[in-house]
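Try each one yourself before you read the solution.

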Amino acid sequence: MSEKDDEKREFDLKWADGAEHKEPSARARMLAARWKDNPPGPVPFRADPEHTSSGRRSSWISTAVVLGCVAAVIVLLGYINFRPY
């Protein structure tokens, strides 16, 4: 690009940024239209986590699984490198 084109582009950007009214994005327009008829309920800044321990494993089981996998990898690597003479 020539220097004149750069100056023209710079002017256009400054002119666009200095506009008094900026059109909202498509997502903002969509949400405004949706919320006009059905506004969202209040949402706390940091909601309390839902405690559902029935579907989750306890931490010691996860730890045992990880340590078991590490031990299996160590044994597998030792078996691959084992060369009887």
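**Exercise 1.** Find the side chains that meet in a salt bridge, and say how many salt bridges the count comes to.

*Solution.* Start with the rule: a salt bridge is a side-chain nitrogen of Lys or Arg within 4 Å of a carboxyl oxygen of Asp or Glu. Next, look at Arg29 and Glu23, whose side chains meet at 3.1 Å, N to O. By this rule the count comes to one salt bridge.

Before going on, note that this is a predicted model, where local features need pLDDT of at least 70 and side-chain atom pairs count only at pLDDT 80 or more, while totals for chains, interfaces and linings use all residues. Residues are numbered from 1 along each chain as its sequence is written, and side-chain values use heavy atoms, with hydrogens and water left out.

**Exercise 2.** Are Arg29 and Glu23 buried, partly exposed or exposed?

*Solution.* Take the cut-offs first: buried means under 20% relative accessible area, exposed over 50%, and partly exposed in between (1.4 Å probe, protein chains only). Arg29 has 42%, so this residue is partly exposed. Glu23 has 62%, so this one counts as exposed. Now zoom out: of the protein's 85 residues, 1% count as buried.

**Exercise 3.** Which elements does the protein have, and in what order do they run?

*Solution.* Helices (H or I, at least four residues) and strands (E, at least two) are DSSP runs, numbered from the N terminus. Counting them gives three helices and zero strands. Reading from the N terminus, the order is α-α-α.

**Exercise 4.** Which element has the lowest mean pLDDT, and which the highest?

*Solution.* pLDDT is the predictor's confidence in each residue, from 0 to 100. The protein averages 80, and 73% of the residues score at least 70. Going element by element, helix α1 (residues 3-17) comes out lowest with a mean of 70, and helix α2 (residues 26-37) highest with 92. Where pLDDT is low, the predicted coordinates should not be read in detail.

**Exercise 5.** Where is Thr63, and what does its side chain reach?

*Solution.* Thr63 sits in helix α3. With a relative accessible area of 44%, Thr63 is partly exposed. Its side chain reaches the backbone oxygen of Ser59 at 2.9 Å.

**Exercise 6.** In which helix is Ile80 found, and is Ile80 buried or exposed?

*Solution.* Ile80 is found in helix α3, which covers residues 59-81. Its relative accessible area is 55%, so Ile80 is exposed.

Note on methods: Polar contact = N/O pair within 3.5 Å; in protein donor to acceptor, adjacent residues only side chain to side chain.
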